[in-house]
Structure formats: C-alpha cells, structure tokens
Amino acid sequence: MRFTLKQLTLALIGVLALAGCSSDADSDRFEDQVGVQMFLWNFNSIAQECEYLGDAGIDWVLVSPPQEHIQGEQWWVGYQAVSYQLESQLGTKSEFETMVKTCGDQGVEIYVDAVINHMTGNSEGVGTAGTEYAKYEYGDLYTRADFHACTQTLDSQIADWTSVAQVQECELLNLADLRTEDESVRAKIVGYLQSLVDLGVTGFRIDAAKHIALADMEAIKAKLPATIKYIQEVVPGTPGAEPLDYLGIGDIFGFDLAYQLASIFTQQVAYLPDTSTESPWVTPSNQTVVMVSNHDTERNGQAINYSQPAQFEAATALMLALDYGQPMLYSSFAFDSYDWAPKDENGRMLDAKCAQSSAIYFANHEAGTWLCQHRMNSVNSMIAFRDETSGKPVTNPQTSDSVLSFERGDIGFFAVNVTTVDQSGVEISTGLADGKYLDFISGKEIEILGGVVKTDLVANQAIALIRR
Ligand code: ARE
C-alpha cells in the first residue's frame with residue numbers, strides 16, 4: 001500500500017501524530033497491497049471514487065466484466081460474454097479509458113474481471129454492443145466448433161464437481177464452454193486481454209479459472225506480457241483443480257479465509273484463522289488475495305455480508321490485522337433478491353454514490369443502496385495499522401469464549417469481540433512492553449500495565465493498538 005501521512009484522513013492524521021508513528025512499510029511486499037472489488041460500479045462512478053480510494057491507501061480496484069454481454073435486468077448478465085468489445089452495463093470503451101487514467105493519476109490500478117472460460121447460456125438475441133448471437137454462435141468471433149461438446153453428462157452440464165474432466169469440459173451453469181485447448185480460441189482470448197493491457201490495465205481476475213485446464217491457462221499466459229498479474233477464481237472442491245494447482249500461473253483468491261471468518265463471526269467462536277499451507281485450498285500468503293466476501297458468497301450464504309454489518313466490519317478489521325495474503329475489500333449494493341441489480345430502463349447500471357461514511361450502518365438497507373463498505377469507519381485506520389505492522393509476525397494468539405487477540409511483533413496488539421454480546425473489563429495478558437498505546441480504530445488511548453491489556457469490548461468491537 002502507498003499509505004503516507006499526507007493521504008490519511010484529517011482525523012487519522014491527528015491520531016498518528018499523537019502516536020508518533022511513521023510508515024516504514026516496504027511497498028514491494030505482496031501483503032502490503034490492498035485492493036477493493038467495486039462490484040458492478042460503473043466506470044464513471046469508479047473514476048469519481050478513485051480520489052477517495054487513493055487517499056485511503058487502496059492500491060487497486062477490481063472492475064466487473066467490461067466486455068459485451070447479453071442484455072437483461074439481472075446483475076449476472078455481465079458473466080455471459082457475447083463479444084470482447086468494451087460496451088457493457090458498466091459503460092463504454094471511452095468511459096473505461098477515462099476510468100483507467102483517472103484512477104492511475106490517483107495511484108490506483110485497475111484489475112478487470114475476465115470472462116474467458118465461456119460465452120452465453122441458452123438465450124439468443126442482441127448483445128450490449130449490438131452483436132447478434134445465439135448460444136455457440138457469436139458473429140465472426142466464435143462458432144460451434146470452438147466449444148466443447150461434453151458427452152460425459154446427459155445435458156452437457158457439470159454433474160460431478162469432483163471430476164476435473166467434467167469441470168473443465170462440460171458446461172458451468174449451462175454456459176457455452178470454450179475449447180481453450182485450441183490455438184484459435186487462445187489467440188482470441190489473448191487478443192482481448194492484450195487490448196485491456198494496452199489500455200493500462202494491471203491485471204485480471206480470471207473468472208471460473210478452475211474450469212480452464214492448467215495447460216490452457218499456461219499457454220494463454222505465455223503469449224501475454226510477463227508483468228501482468230492474475231488473480232484466479234478457483235473455488236475449492238475439485239481434486240486436481242484446487243487452488244494450490246494454479247499457483248504456477250499466478251495468485252489465487254483465498255476462499256478458505258472468507259469461510260473461516262464467517263464461521264468465527266456467525267458461530268461466535270473465537271479462534272485464530274488457520275492459514276497454514278498444508279491443505280490444497282490454503283495457499284501461501286504471498287500468492288493469496290484474501291477477502292471477507294465477494295459477489296457470489298454474499299448471495300450464497302458462504303460468507304458474511306452486509307446484512308450483518310457489525311460482523312462484516314469486524315471481519316474486515318481482522319483480515320486487515322492479520323499478515324496473511326493481500327486483502328481485497330468488498331463494496332456492493334443492497335439487494336432483495338438474488339438476480340436484482342440497480343439498473344436503468346436500458347439495463348445500464350445506475351451511478352454509485354457514497355455518503356461520507358458507509359451506508360452499511362443504515363437500519364434498513366433499501367435495495368439499490370450503494371453500501372460503500374470500503375468507507376466503513378475502521379477501514380482507513382486498519383489499513384494504517386497494517387502498514388505500521390508490516391512484516392511483523394502474528395504472535396501470542398489468545399482466545400477466550402468471546403475474544404480473539406494477538407500481537408504483531410513487538411509493536412502492535414489486536415483484539416476483537418467475536419460475539420454480539422458486550423464484554424466489559426476484558427483482561428488479556430500480553431508480552432508487549434507496558435506503556436501508553438493508541439487504539440487506531442477509536443483514536444483513544446489504552447494503557448498496558450503489568451503485562452495486561454484491560455478494556456471494554458462491546459459487541460463485535462475491535463481494538464488495534466500501537467505504542468505511543
Ligand atoms: C445465470 C443463472 C443460471 C443460468 C445461467 C445461464 O443464474 O441459472 O444457468 O445464467 O443462463 C454468474 C452468476 C450465475 C449466472 C452466471 C451467468 O453467479 O447465477 O448464471 O453468472 O450469467 C462455481 C464455479 C465458479 C462460479 C460459481 C458461481 O466454479 O467459477 O460456480 N463463479 C464465477 C462468478 C459467478 C459467475 C460465473 C463464475 C460464471 O464469480 O458470479 O456466475 O461466469 C462448489 C464448487 C464450485 C462452485 C460452487 C457453486 O463449491 O466446488 O466450483 O463454483 O460450488 O456454488
């Protein structure tokens with residue numbers, strides 16, 4: 001992260017000045033970068049928000065799929081590609097270019113959600129850039145021979161998720177599955193990704209990466225500049241195509257941590273998340289992009305979402321307090337049904353706007369409200385805490401029924417109440433030196449006396465202490 005005193009909010013400038021802290025983070029460390037998925041924010045809105053994001057020390061934005069797609073009112077139409085023209089529910093090519101430039105001027109890089117495994121489901125019609133299509137037929141781009149004809153299942157769809165062959169050759173969600181083993185298909189995908197790199201894009205989320213054979217990913221990568229970053233969506237659960245298997249290509253989303261954070265805060269059991277690399281789905285810290293939730297998990301119940309605001313904020317604070325992986329914040333809109341998205345009558349996403357603070361705190365989240373979770377009260381201060389403690393190990397983890405705590409080397413202390421019950425007079429022993437510490441989150445001073453941190457922690461409250 002590029003977090004400097006100049007970039008801090010005024011309040012935090014005061015806080016850090018009091019603490020006598022300065023940033024000594026080595027910004028080359030993978031773990032020191034912070035990104036944010038701005039789910040279905042249109043390009044104009046992202047461009048406007050980039051000044052805030054840059055000031056908040058956020059390094060990159062993940063943009064939802066920008067290519068031509070099927071038309072419709074559902075959010076997920078963007079995941080059904082019709083062509084690789086940049087004309088989508090999120091805006092035009094020129095708006096995309098303006099966004100890349102505006103954000104770049106603020107030090108914020110752009111990652112694109114790349115839909116390269118498949119094209120559309122069973123519809124036919126006209127795409128968002130005017131291309132006529134039917135399933136398996138996409139003008140000059142692809143025709144029937146460019147798609148797998150899966151005979152392993154009766155309906156050509158994936159039935160056995162533990163079979164790599166089915167996962168990679170049959171259809172995910174009935175979507176026409178590209179023969180990425182064919183040179184001609186690879187060349188078209190490479191052309192699309194290269195065109196985005198030419199516009200200044202830094203890297204890609206590879207959508208449905210585990211549905212693309214490793215050899216195909218390798219071949220595609222080999223034809224692109226070596227500097228491109230890849231964050232692959234490999235949802236655990238398919239032996240032979242697990243997150244660990246894709247590390248040779250690039251980075252991986254850390255679903256496992258998201259699931260663990262959900263278990264900690266929904267079951268209200270304090271434990272230090274297991275980030276050891278002894279399983280095929282817990283990948284090494286320096287190649288794992290961690291998150292509290294994404295657009296799938298916020299809808300399928302596998303992760304915490306905005307409907308539990310206090311837990312969502314506390315889980316985000318814990319993710320930032322740990323030194324595992326590169327955190328990706330999540331920012332989205334309120335919805336009242338799976339398919340729904342805030343669009344105009346032409347199927348374009350409405351502009352996203354944030355109030356000064358996150359709308360996650362509203363008592364009722366009216367569908368379409370932009371929640372701006374990246375503006376939650378503790379986010380800036382937790383990025384500052386992460387920056388201060390960069391490279392310091394997580395030590396002395398302790399758990400009680402309700403509180404998880406740990407130290408960050410000899411300078412930082414983090415504790416969080418994982419329950420929805422207020423805890424008063426919590427006492428936690430610590431190896432940190434006695435003295436006055438500043439809680440970056442509340443801006444208040446807490447004293448460590450006789451090797452003990454004593455504090456109240458209301459429901460889901462976190463504290464992040466740095467020595468003054
Ligand atoms: C929509 C309709 C479908 C319809 C389809 C085609 O909802 O009913 O069949 O259109 O007409 C998104 C939406 C889908 C949407 C799709 C296309 O989520 O609802 O389908 O766009 O518009 C697996 C994959 C993983 C994938 C998830 C959803 O491995 O890659 O399923 N996630 C990405 C994106 C999604 C996106 C797609 C892929 C498609 O993040 O947002 O779909 O581009 C186990 C397995 C996992 C599996 C998981 C599913 O854990 O191990 O592999 O994930 O279950 O919960």
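User: What makes the radius of gyration of the protein chain agree with that of a compact globule?

Analyst: This is a predicted model. For 468 residues, a compact globule would have a radius of gyration near 23 Å, and the protein chain has 23 Å, so the value agrees. Along its principal axes, the C-alpha trace spans about 75 × 40 × 40 Å.

User: How much of the protein chain counts as buried, and what is the cut-off?

Analyst: A residue is called buried when its relative accessible area is under 20%. Of the 468 residues, 59% count as buried. The accessible surface of the protein chain comes to about 17,600 Å², and carbon and sulfur atoms hold 49% of that surface.

User: Among contacts with a separation of 6 or more, what share comes from residues 24 or more positions apart?

Analyst: Such residues account for 69% of those contacts in the protein chain.

User: Which strands make up the closed barrel, and how are they paired?

Analyst: The protein chain has 10 helices and 20 strands. The closed barrel has 8 strands, in the order β1-β2-β5-β8-β9-β10-β11-β12, with parallel pairing. From one strand to the next, the twist averages 30°.

User: How do you know that β10 and β11 count as paired?

Analyst: Pairing requires at least two bridges between two strands. Strand β10 (residues 251–254) and strand β11 (residues 288–290) have 3 bridges, in the parallel sense.

User: Why is the link of Cys50 and Cys103 called a disulfide?

Analyst: The name applies to cysteine sulfur atoms within 2.5 Å of each other. The sulfur atoms of Cys50 and Cys103 are 2.0 Å apart, so this pair qualifies. The pair links distant parts of the chain: Cys50 is in helix α2 (residues 43–55) and Cys103 in helix α3 (residues 93–105), 53 residues apart. The angle about the S-S bond is 95°, and the link is right-handed. Cys50 and Cys103 are buried.

User: What makes Cys150 and Cys170 a disulfide, and which parts does the pair tie together?

Analyst: The S to S distance is 2.1 Å, which falls within the 2.5 Å limit.

User: What is the handedness of the disulfide of Cys354 and Cys372, and why?

Analyst: Here the torsion about the S-S bond is about -95°, so the disulfide is left-handed. Cys354 and Cys372 are each in the loop between β12 (326–331) and α10 (379–388), 18 residues apart. Their S to S distance is 2.0 Å.

User: Are Cys354 and Cys372 buried, partly exposed or exposed, and how do you know that?

Analyst: Buried means under 20% relative accessible area, exposed means over 50%, and partly exposed lies in between. Cys354 has 22% relative accessibility, so this residue counts as partly exposed. Cys372 has a relative accessible area of 1% and is therefore buried.

User: How many disulfides does the structure hold, and what is the pairing in sequence order?

Analyst: The structure holds 3 disulfides. With the bonded cysteines numbered in sequence order, the pairing is 1-2, 3-4, 5-6.

Notes: Residues numbered from 1 in each chain as written. Predicted model: local features only at pLDDT ≥ 70, side-chain atom pairs only at ≥ 80, totals over all residues. Heavy atoms only, no water. Helix = DSSP H or I, 4+ residues; strand = E, 2+ residues; numbered from the N terminus. Axes fitted to C-alpha atoms, helices over the stretch in contact; angles between N-to-C directions. Buried < 20%, exposed > 50% of the residue type's maximum accessible area, 1.4 Å probe, protein only. Rg over C-alpha atoms; globule rule 2.2 N^0.38 Å. Contact = heavy atoms within 4.5 Å. Areas by Shrake-Rupley, 256 points an atom, 1.4 Å probe, with all protein chains shown as cover.
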